[in-house]
Structures are given as C-alpha cells and as structure tokens.
Protein chains: 2
Amino acid sequence: MQDIAYGLRPTAYGNKQVMDLEGKILIDFMQGLKRSHYCGDLRIEDAGRQVVLMGWVQTRRDHGGLIFVDLRDRAGLVQVVFSPDQHEEAFKKAEGVRGEYVLAVQGAVRERPEGTANPNLATGQVEVLANELRVLNRAKTPPFYIEDNIDVDENLRLRYRYLDLRRPEMQEALILRHKAAKSARDFLDEHGFLEIETPILQKSTPEGARDYLVPSRINPGKFYALPQSPQLFKQILMVAGLDRYFQIVHCFRDEDLRADRQPEFTQIDMEMSFIDVDDIIGLSEEMIARLCREAAGLEIPLPFPRLSYKEAMDRFGSDKPDTRFGLELKDISDIASGCGFKVFASVVAGGGRVKGINAKGCASFSRKEIDDLTAYAAIYRAKGLAYFVVTEDGVKSVIAKFFTDEELKLIFERLEAEPGDLLLFVADKPDVAANALGALRQHLGERLGLIPEGLYNFVWVVDFPLLDYDQEEGRYVAMHHPFTSPREEDIALLDTNPGEVRAKAYDLVLNGVEVGGGSIRIYNRDLQEKMFATINIGPSEAAEKFGFMLEAFEYGTPPHGGIAFGFDRLIMLLAGKKTIRDVIPFPKTQSATCLMSQAPNLVVQEQLKELHIKLDLKKN
Amino acid sequence: MQDIAYGLRPTAYGNKQVMDLEGKILIDFMQGLKRSHYCGDLRIEDAGRQVVLMGWVQTRRDHGGLIFVDLRDRAGLVQVVFSPDQHEEAFKKAEGVRGEYVLAVQGAVRERPEGTANPNLATGQVEVLANELRVLNRAKTPPFYIEDNIDVDENLRLRYRYLDLRRPEMQEALILRHKAAKSARDFLDEHGFLEIETPILQKSTPEGARDYLVPSRINPGKFYALPQSPQLFKQILMVAGLDRYFQIVHCFRDEDLRADRQPEFTQIDMEMSFIDVDDIIGLSEEMIARLCREAAGLEIPLPFPRLSYKEAMDRFGSDKPDTRFGLELKDISDIASGCGFKVFASVVAGGGRVKGINAKGCASFSRKEIDDLTAYAAIYRAKGLAYFVVTEDGVKSVIAKFFTDEELKLIFERLEAEPGDLLLFVADKPDVAANALGALRQHLGERLGLIPEGLYNFVWVVDFPLLDYDQEEGRYVAMHHPFTSPREEDIALLDTNPGEVRAKAYDLVLNGVEVGGGSIRIYNRDLQEKMFATINIGPSEAAEKFGFMLEAFEYGTPPHGGIAFGFDRLIMLLAGKKTIRDVIPFPKTQSATCLMSQAPNLVVQEQLKELHIKLDLKKN
C-alpha cells in the first residue's frame, strides 16, 4: 500500500479528463460516450457498423506501423487497430497503453484483411478500426496472466481475487452458477414454491456441527448462531401452511476445513407439505435436469436411477456410488464360509462378509503396488487385503492352497475372472468390508482410467436405515436426524428390530459425490415420541434441543418433507472444476481466512466491551 | 412444554394409522392419497369432479344433521359437507374434528344448494361432499384466531409465528414478497446482470453502523463481521470485470432498534460498469415498475419524476419528500428580511431562512392545538413557530402588528392564503427551517387527511451535495461515502467551494419513504486522492479503512456505479403494511430477540472456550 500517497501528485481536473500540471492527460472521463456493444459479441455481420466498446487491454502489439490491441470484456475479446494515418490522435494515445488499462474505443467494425482472420476467436473474422480512444483508467502490471489454465499458486489467485475473476474460465463458472440458480428459481416458482427468507441470526443448538456464534449486544451474555441449515424454520413454514417453500441460502459450519469445505456454503433448500417420497424425488430430478440443460447445456435422461442403500453398499461399497464405471463388489461369503482359509471362514462365521473386486488386467501389479493397495484399504479400517493373480496357468496367491479347485472356480465365476486379472478381497465386518473395497474400487477406477470423461451419472440412494447402532454408547442413534420418518410398513419393527427400519430418506449422488439429501419428516406426535424413546432421548432433553419446534408441532402439522442440494458442489461438477473454491466468488482458505480482504481481523477493545465479551487467549 | 411427555401414551402403529391400545384411531396416514386440488382453487366449473383436498379446519358447524367444515390451505377456503346418510364413516370421523386439525378429504365437488352460495368466498358457489375423511393430525386450540384483522398483541403473534403466518393476509404478504423478488431477478437476468454471492463472513470495518461480530475459532483473537452491505465486494466485482452484478441479500446492523428496523434486512443490491447516472436510474425504474406490476398489480407510469436535493428541501423540507399531497413550503425570507418583526429579520440577516406552510382551513385550531404543533416542530430543533390566522376580516396573530399591510399581502399571495387558513412559519438556519417545516407538513398532511389512499408516488432525489460540513469536527465529511463521485463539471469546486459540489448520488423515495439509494463511484486514483484530501483522510487512515479495495483499484478499475433497494420497506409499502415486521417471515423484536425460537440464547462454556472468548458482564 506504500505507493498510495494521497494528494502528493500534482494534478488538475477538467470536465473531460484528469491532467498533470503540465497538461498531460492522465485519465479521460467516459462522459458523453455510451457503450454500444460488448467486445466479444462482434461478428462479421457487424462489419461497417460504428461501435463504442469499453474494456480491458488483453495485449498490445505494434506491427507494420499499426498498433493492435485485444480489448476484453465479459463477453470476450476483439482486436482493435490504431492507424497513425487514419486517426493520428487515437494512435498517439494508444502508444501509451499497457496491459489491463481500461479503454473506451469508438470505431468502425471491418472484416479482417484476407489471411489474418483468427478461427480460434469468436470475433476472429473482424477487427475495429479506432477513430477515438479514451484511456478510462491505468493499471499496474498484474502478478499473473489474465488468461485460462494459468499455473499460479492458488493463494496468489485468492489474494488478487479481482484479477483471478477476470480470467474467462472463472467468469464462465460464475455465469454458469448464475444461470443454475435462475433455472432452479424459475422451475420452483412455476411449481408453486415460494422463496421465503429464514433468519441468519438464529438460536444456537447443541446438535450437529459446530456453530458460528454472534454475541448479542442488547442481550448481555447471549449469543446468536449462524444457521447450519434452515431445517427448523423450513419445517415451521410447513406448520404455518405455506405448503411449498424454497430458498437458495447461505449456511455455516465452523468445522476444520480438511476436505473441500467452506465455512459458508450455499444450499438449494426445499420443503413441501402433503407429499411423499416419490413427489419430492420426481420434482427434484425435473429441476436438476432442467438446471443442467439451462446452465450447462447437458441433457440428462429422466428418471434418475434409484438404488437402495443396501444395493449401493453391496455393489459399490458406498452410499455415494460413482456409477460411471463397473468394478463392482462381489460377495463370496457363501463360498468362503466353508473354505480352508481360516481368516475368511471365521469372519463369515462371526457375521462378517468376504467381498472382492476384479481389477481387470492388473495381474502384473508388483508386490509393492499391492502393498500400497493394502495400505490404502487399511485407511478404511480393513485389517488385510487378500489377492489372487489370475494367470493362463491358474492362480498365483499365497492363500490359493487353502481353496479347493471347485471353490476357486466358483470365485472366478462370480468375479468374472480371466487370465491377467487381479482379484482383491476384504474379509471383515460387513460395513468395513464394503467401505474398504468401495474406496479401493474408486481408487482403482481413477488409477486405471476406467472413468469416462463427460458422463454425468445421477443416482438416487433411497431406503436408508432409520437408525444406526452406536456401539460405544450402546444405543441406537438417528442416521439422518430424529425427525426423519420411518416407512409406514416398517413402524412395527421399531419395537422388535429397530436396526431394520427403513427411513423415508433419499440422497442424490452425482459421479460419486453427494449433491443432495433429504427426507420425509415425522409430523405426528405419537410417532415422534416413539422415535425419541427408541433413541433414548427423554422429554426434557427433547424439549431443550427442539423446544419451539415440538411446541409448534402440537398445533396441526401437515405431513411434509424436503431436500437440500449442495449448490457449490453441484456447480463445481457441472463446471468441471476440482474444488468448490473455483465456483465460489470469494472463498476462504483452509484456515478460514479471506486472503483478499484479510478477514477475520482484529477488532478494537471497545467493540468487544459493547458485546460483553473479552478475549481468552490462554492455551487450554 | 410440560405436556410433551414422550413414550407415556399407550399407542399402536399400523401401516395406515396410529391407534391407542383400545384400537381407537388417533391419526390416519396420508399413504395412498394424493392431493388433486388446492381448496381455494375450486370453482363452479369443477362441479361433478372427484377431488382430494388437504388442509386445515377453519371452522366446523353442525347444521340440519350435516357437518360443515371450512377447509383451508394456502389458496383459500372451501366448504366440505359430511352427510351421515351418504357416507357414514366419514361423518362419524368428522364429529371428532376441531379447529386447525389437518384433514385429507376425498369427495365430489357440487354446486351449493340454491340460496346457500357465499358471494364473499372465491369458492362460494361450490362445496365438496366428502366420501372419505382422514385426520392427518390433531391440533391444540390456537391462542388467537387464524383470520385477518385480528386484534392481538404483536408479541403473542411473534411467539406463535407459525400460527400468525397461517392468516391469509400474512401469506399474501409473503407471496407478494416472493413475486417481487422473482420479478426483480427476471428483469435483471434479462438485462445481463449476474447474481453473484458475496460472503456473509466478512472483515470488520470501523466505518458506518455497528457491526455484528463473529469470533474465529481457527484464528484466535480475530473476528469476522456480518456485512452492513456488500458495498466493497460489489465494487471489487466491477474491478473483476463482471460488468453487471446483482444480489438479493441479507445485510446486518447492530443498531438500537427504535425505528422500524431489524438486525438483519434484505437489499436488492446492484452494480454496473461503464455507465452513468441516467443508465442506473433508467434501469432501476423499469425494474421497479415491472416489480410493482407483477407482484402487486400496480401500474406505475414511467419515468419517475426527479427532484434535485435542493428542490426537495425547498418545496417539501425533506430529502424523502412525500409527493402525494401539496402543503408545500414557501420561502418568505425576501419579504421577512426587511420586516419589523426582529426575529424574522435577524434570522435572515444571519444567513437563515423564513419558511412557511399554509394549513388550509385550520384557522379554527385552538391555542392548545397550535402549541402542540410548536412542540412538534421543536423536536426538529425549530426554536419557535410563528403563525397567522387568516380571517374574513384580515389576520389574527400576535406578530401581525410587526408587518406592513404590503408585507402581509405579499406573504398571503406567496402562500395562497384565503380566509379560514392557518399560516405557520419557522425562521431558523436553512436546514432547521426546512426540516422542521417538512416534518410539520407530513404531520399535518396525515392529520388533515390530505394523503389519498392508493397512490404510489415514486420520486428520484438527485444531485445531493457531495460533502457535508461537520461543525463539530470543523471539516467536510462525505455525505454518502467517500467513494461517491462528484459531477465532472463540479470537480473544480473541490478546491474553491467544496460545499457546492454535487454528487452523482440518487435516492428513490416512495410515498415519503426512502426505498433505494446509490451513486456513481470514484474509480480514478487521482480523484480519489483529491476526495480523501478534501475530507482530511490521510494515506495511512485510508489504507487502514479501505486497504484492499484501494489496492484493487490500482489494477484497472472501470467507471462504475450502483444502487441498493430496501426490499423490506418496498414490500411493506406495496403490501399496505405499517411495519416491516409484517413482511419479514421471522422478524426480531426491538430487543433483537426472536420470540418464537428464543434467539439469542445462552451457550455452554466450552463453546466460548473454543472461540477464545469469555463473558465480560461487569457493568462498564
């Protein structure tokens, strides 16, 4: 900031420009000029037209006595030519022009001379011969090039986000994001949904992730919390009879940002009354398909396939299955249960499963490579990774000797094994076997290049278990949240076999990434009591955690349910980006700071005093 | 909450209903039924049609052996008839139905019997003969009636907001709000604006109103601030070349909520590049006119009238003039300067003004009434209120004797006085005279019933002064903010007569309420330096307050400007409400609390510890 020293530069101000005291024009005003076209929109049909363009200097080249400037705006680039013979004053001014200067150019569009057209540029058939140039602003040299596919440290891009966002690929992502939000809003409006704003200053609840807190000045010692989602309020809106609600809304979680997460993120949040699972799924997939078409030009066939949670875990070892490739999991527990390999047999005898995948053509993997796969599976708690190398001559494996030929044949059949394949097995508790092999499947799918480009595979995962048994606490806990409804036909199981109760919950998965999730809610007091009893939540605990909502539910709550879509992730996938930071205009780093504005920052003591708090910086 | 005691009620669960242990059905499930129509949408054309309705019981009446239920949903009411002869089971169930129960009804639409149509109800020509009834939920008796125009303490309404929002007038306001936002978004999208999300977790700036702060867990001792507006970010987006930005966005101010204010409020926020005042005004009024038409069915003629700040102050004594009625201020300083009434003459001699309004037909006001007006003017710092009562015989006033007949005649002419009128005068510093009489004008306009119903008078106020002279600090301060651009032709005055420089700033006023405001920004470094110098902001202070923005401005900033509309106020006026709380779904009280959810609330000690703060509740 050192070079910004106010009032030190001798300057004069006219109506039309700012001059230095020698009368040299530093900056022209725009006054009286009106942009007629975007740079990037000019085409051969515009030849002969007088235009006024305004934009940034992408490049300046001096060639053959002429000056060529590529002028850039949101729509793209166009070539502007300055000729000393035809328009001397403009030419002279153009001599002072540098990269990222802001120009207004008046001139005539003309076809480029034969042989100089640029087929890689949308405006490449034309150029603009400038007859007037105004330098609206000057610019320092940017710390990186304003162009796509730059190889620049992300922190530098975030520090100069206003320059980063000038790059076409970033602008395209934000335009896609705008179009996607518009498309969703149009769809929901046409289907009777009302966008209703819920508060950002909410009550802190002890459930879920960590809240961001906001001290109250007027209510000493009390705090607001920023919402992790509008969950309670959207259900309240159903109690209020608003029937169909949506909102594209910021949500907040004060989590450690190891994964590709942001402290604030955006949801398309919906809730409907008097509906069931199929209604929400049907409407949602229509909305998403339209959004993909209108924002990204993608045609996604409807309906999206549905997988039950059980099938997703069985076949893909994940409740977020990437269905763009095969490499599916096979269960060989039936074969393994009687085999001579004690590890397998005893796992099955103890209620576990033996599952495998067939890494086609990977028989040549080295011992080291297989060890690496074993280590990878271990991240997902697999205690080991057994393998068979299938050769023309049979099988190579240290454990092959424990299997009969018949058993080997059955296993090969089940895994569709051919010579050259590598078969990988995990024997463990059912969820560990599934998760570890599912992770290995994804890992190998990427490594082996099995995932085709350009596929957008949406899939619904439905029929999640309502409850999860928490071994440590020795009780059932809600897998989603305690307001998720069980399927009616499973209600009786709450008394007899709670683990088998299926929830009316559904997730939307795109290419292995969860992009949405929701449920039909419990709306009935008796069933809610039953649910709380099943997960050992007593009346006072329920009142403390969900107080006003439970009270509201006493006044005539309709059947209702909803869903929320992770807008950042969806846009990231549609824009072909690898991180949500590339589709969020002003993201924060992993330490939750904004490198451009330096938020968060220190505040003055009086501010804290007014808020009835003080710092507590001692190490705990 | 005492009556919510989970697991205590003996209940059984079937696939289709919840029963008590004697088999009495408590609640039916909706399963298998699909709503076919909204209650309020049925018309005579639907007679003969089988329908499935779902909604709330507005009233139940037993009459002539039949049961009549008015069933309500978001679209309105319809009468449902239960007949013991035709559908006994449904009738029997209907006997147990009470207000606000949630029902699903299957039945046939039929024309109401002759003489029983209700012309006050959109569905009043038809009724639905129920053949199946399901009680989807029961309800406690609400603490107030679910109908329009209830006379209930607002705190009770806020406490039970979910019931308050069931009232048709509240739902209509939220529907209007939804439509208005949709209309604005459609318009802006069609005009090339991109909706771009700016962060809620921002940097605290010492300017403006008080910030809400959010302690950072990851950055001990540092705080985020919730934005008072996206001002810096939207200007940054112009630097980034996004060209046209908008956002419908929550903003936050931690102020004392004396007036009709809320801690969080909603703005339609816009910014454009390469434009001037007329572009923004033209686009804005097109957007607003369309919004009024699409959301509220109002036709507002274009263009909106414009008043300069000076004219608004001269004629209406306000920069937020209510132009729905006359009662304009008249300046009689020229006449008063030479009069014998020393108070007037000396005020004019000292640079003040004498201004008056003509309260038509108010000659009969009592001394007490005039004293009350004087007290009212005193709130606005007027040191006194002089008056003339105009009668058939001349004038009655304690000060009349100080004026010549010629002076009186000129004053009467200027104020168009007739017998029966009451002329009121304030002699004071120009701004005090204008403000006090302006307030008196508004007060009398309302009291005398001069303000016609159903008028929506938009007016632009333009050409605000750029600078305001702060007597206490002995320096000029920015009237809007220090990035507001002066008019080019006034720039030279910055050196000679800063108080005369007009800003490129504009406010939109509707019926005396400011509903929008904005400006063209300074984008040029030299002019910005000049501006900072004029208001005595030095380089280090500027860097501290506006650091990253000033740095961004060095990299090629385009001419740009914008505007923000107070969405809550606009909707309040269009919905005909008296407070923005009636158009905000979940507003807070004057003590910034949510009576429904009890936010803000106490949090547990560990939460604060994680955030590196502790309470500081000592009285300062």
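User: Buried means under 20% relative accessible area. With that cut-off, how many residues of strand S8 of chain A are buried?

Analyst: This is a predicted model, and in it 10 of the 12 residues of S8(A), which spans residues 126-137, are buried. The strand is mostly covered.

User: Which strand runs antiparallel to S8(A)?

Analyst: Strand S7 of chain A, residues 102-111, joined to S8(A) by 10 bridges. Within S8(A), Val128(A) is the residue opposite Val109(A).

User: And S6 of chain A, parallel or antiparallel to S8(A)?

Analyst: Parallel, over 2 bridges, with S6(A) covering residues 76-82. Val81(A) has Leu129(A) in S8(A) as its bridge partner.

User: Over to chain B. How many bridges pair S6 with S8 there?

Analyst: In chain B, S6 (residues 76-82) and S8 (residues 126-137) pair in the parallel sense over 3 bridges. Gln79(B) faces Glu127(B) of S8(B).

User: What do the strands of chain B from S4 to S8 form?

Analyst: A closed barrel of 5 strands, in the order S4-S5-S6-S8-S7, and the pairing is mixed. From one strand to the next, the twist averages 55°.

User: Some overall numbers for chain A, then. How many helices and strands?

Analyst: Chain A has 17 helices and 26 strands. Of its 620 residues, 58% count as buried. Along the principal axes, its C-alpha atoms fill a box of roughly 95 × 75 × 55 Å.

User: What share of the contacts in chain A with a separation of 6 or more comes from residues 24 or more positions apart?

Analyst: 66%.

User: New topic, Asn511(A). Where is it found?

Analyst: Asn511(A) lies in the loop between strands S23 (505-510) and S24 (513-520) of chain A.

User: Buried or exposed?

Analyst: Buried, because its relative accessibility is 9% and the cut-off is under 20%.

User: What does the side chain of Asn511(A) reach?

Analyst: The backbone nitrogen of Asn457(A), at 2.8 Å. Apart from neighbours within four places in sequence, Asn511(A) is in contact with Asp322(A), Arg324(A), Leu455(A), Tyr456(A) and Asn457(A).

User: Back to chain B. How far does helix H4 reach from its first C-alpha to its last?

Analyst: 32 Å over 23 residues (168-190), close to the 33 Å expected at 1.5 Å a residue.

User: Why is H4(B) called largely enclosed by the rest of the structure?

Analyst: Because 17 of its 23 residues are buried.

User: What follows H4(B)?

Analyst: Gly192(B), which has a positive phi near 80°.

User: Last one, Cys594(B). Which loop is it in?

Analyst: The loop of chain B between helix H16 (567-574) and helix H17 (605-610). Cys594(B) has a relative accessible area of 5%, so it is buried.

User: And what does Cys594(B) touch?

Analyst: Lys588(B) and Ala599(B), leaving out residues up to four places away in sequence. C-alpha to C-alpha, Cys594(B) is 7.9 Å from Arg159(B), although the two are 435 residues apart in sequence.

Key
Residues numbered from 1 in each chain as written. Chains lettered and ligands numbered in written order. Predicted model: local features only at pLDDT ≥ 70, side-chain atom pairs only at ≥ 80, totals over all residues. Heavy atoms only, no water. Helix = DSSP H or I, 4+ residues; strand = E, 2+ residues; numbered from the N terminus. Expected span 1.5 Å × (residues − 1). Buried < 20%, exposed > 50% of the residue type's maximum accessible area, 1.4 Å probe, protein only. Pairing = 2+ DSSP bridges. Axes fitted to C-alpha atoms, helices over the stretch in contact; angles between N-to-C directions. Polar contact = N/O pair within 3.5 Å; in protein donor to acceptor, adjacent residues only side chain to side chain. Contact = heavy atoms within 4.5 Å.
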